[in-house]
Amino acid sequence: MSVFPKISLRLEVENYLKANFLNKEVVSAFGKQEAERKFETLLQNLSHPPSFTTVRVNTHLASVQHVKTLLHDELQKQFNGLSFPVLQHPDLQDVLLIPVIGPRKNIKQQHCEVIVGAQCGNSVLRGAHVYVPGIVSASKFMKGGDTVSVYSDIKGKCKKGAKEFDGTKIFLGNGISELSRKEIFSGLPDLKGIGIRMTEPVYLSPSFDDVLPGYLFLQNLPSAVVTHVLDPQPGERILDLCAAPGGKTTHIAARMRDQGEVIALDKIANKVEKIKQNALLLGLNSIRAFCFDGTKALKLDIDTEGEPPFLPESFDRILLDAPCSGMGQRPNMACTWTLKEVTSYQPLQRKLFTVAVELLKPGGVLVYSTCTVTLAENEEQVAWALGTFPCLQLQRQDPQIGGAGMMGAGLTSEQLKQLQRFDPSVVPSWDTDIDSLRDTRTEDMIRLANQDCIGFFIAKFVKGKNTKVKAP
């Protein structure tokens, strides 16, 4: 997997993460050499995309088998008759997996170059075409219809509209320009369509731009696991405390067969509109989305008739997919955050968690999740929660697809087994081509998909009956 360099981090952030993965408990259990090897593997794997694209079927509108057939036909169209396997996950029946081919190392680089921003580059590595707003620079002679090589400016040094760039850039593959350089940089604000249609990407992944809308939702595997762990039931009242863009919200509603009430909160208005759009697209009527700060969602004295804030013990189940440092996202070739920024989330997560415990009914389920790999936002939060709220009990999760929690936060071995940590540092080096797929057993591909995904963390709690919450 050495086609890209390891993720570029500020030294203070890299040292912070290293201290996480080489903490005393880990080194004592596995040895310093093995701990260091795993940490270097983590940094390397974070810059590469997962080995599978994961999509969730909207079972509210269609059967998994019907959508699987439609998707198989769509992939054959996209890849000119190449037969890609579409696998149904055995433990997540509404999840389909499509292998990612790559990295492909024999693509001829072109004289005409296009530079894109780091976020755009990450999307290209997961199957997206290049949209005009993501283009930072293009060769001065580029015309519509030209074959161009696309590069990611991972350090953000290229100037908008530059005609050439000699800084650090990572090759993402070749594509066909839909527009000329002049058209792209004409200054027209309404240019938002595809600028480069990728034809030879380094990683060959299906594009899901307007593919089977209403039937499919593009979602990382652990994000789909979360809703299964929450296990929502028809007729319940469920809160998604930090819901945007609505992937887990809509999954909850679909798992409830759209029977009951799903309250979705987010404090950014345009993200709330995205939740509403997704609910409408997927045909889900049980979702009510509000622009509201989750830290203020508890009201002790006034019933606001179904709108936030809410009275204590208002919900059967609560999902807190907390704002986090996002250090598990893949692919991510560069992160410019300071250590202060990376470590700033723990207090906010605790505020949200405290509100969630108050809003949960006795006997109710609270699921906490993040898409990061730090101890402070994951296992340390679990240890804090168990010490702060005697009413909470840690629960074993079903399905259990990720590994156990990481040592270092003082949790017992039994408690660690009740957590799920999806850890990119455990993934072996893996290059995929069409020929190797034909020889790979389905169970081996499923095992790889379970391991080689984004960094993610899940904890499940049950609130004991006849107990009062003692707020910190």
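Trainee: How do you know where the positive and negative charges of the chain lie on average?

Mentor: In this predicted model, the mean positions of the 54 positive and 51 negative charges are 3 Å apart.

Trainee: What ground rules apply to the model?

Mentor: Residues are numbered from 1 along each chain as its sequence is written, and side-chain values use heavy atoms, without hydrogens and water. The model is predicted: local features need pLDDT of at least 70, side-chain atom pairs count only at pLDDT 80 or more, and totals for chains, interfaces and linings use all residues.

Trainee: What makes the radius of gyration agree with a compact globule?

Mentor: The rule for a globule is 2.2 Å times the number of residues to the power 0.38, with the radius taken over C-alpha atoms. For 472 residues that gives a value near 23 Å, and the chain has 23 Å, so the two agree. The C-alpha trace spans about 70 × 50 × 45 Å along its principal axes.

Trainee: What makes a run of residues a helix or a strand?

Mentor: Both are DSSP runs, numbered from the N terminus: helices are H or I with at least four residues, strands are E with at least two. The chain has 15 helices and 20 strands.

Trainee: Why is strand E17 called largely enclosed?

Mentor: Eight of its eleven residues (360–370) are buried, so the rest of the structure largely encloses strand E17.

Trainee: How do you know which strands pair with E17?

Mentor: Two strands pair if DSSP finds at least two bridges between them. E17 and strand E15 (residues 315–321) have six, in the parallel sense. Isoleucine 318 stands opposite leucine 366 of E17. Six bridges also join E17 to strand E20 (residues 456–463), running antiparallel. Here threonine 370 has phenylalanine 457 in E20 as its bridge partner.

Trainee: What makes E3 and E11 edge strands?

Mentor: The open sheet has four strands in the order E3-E4-E2-E11, with antiparallel pairing. Strand E3 (87–88) and strand E11 (216–218) each pair on one side only. Within this sheet, strand E2 (residues 52–57) and strand E4 (residues 95–99) share five antiparallel bridges. Threonine 53 has isoleucine 98 in E4 as its partner.

Trainee: Which peptide bonds are cis?

Mentor: One joins proline 308 and proline 309, with omega about 0°. Proline 309 sits in the loop between strand E14 (287–291) and E15. Another runs from arginine 330 to proline 331, with omega near -10°. Proline 331 is in the loop between E15 and strand E16 (334–335).

Definitions and conventions
Buried < 20%, exposed > 50% of the residue type's maximum accessible area, 1.4 Å probe, protein only. Lys, Arg positive; Asp, Glu negative; His and termini not counted. Charge placed at Lys NZ, Arg CZ, Asp CG, Glu CD.
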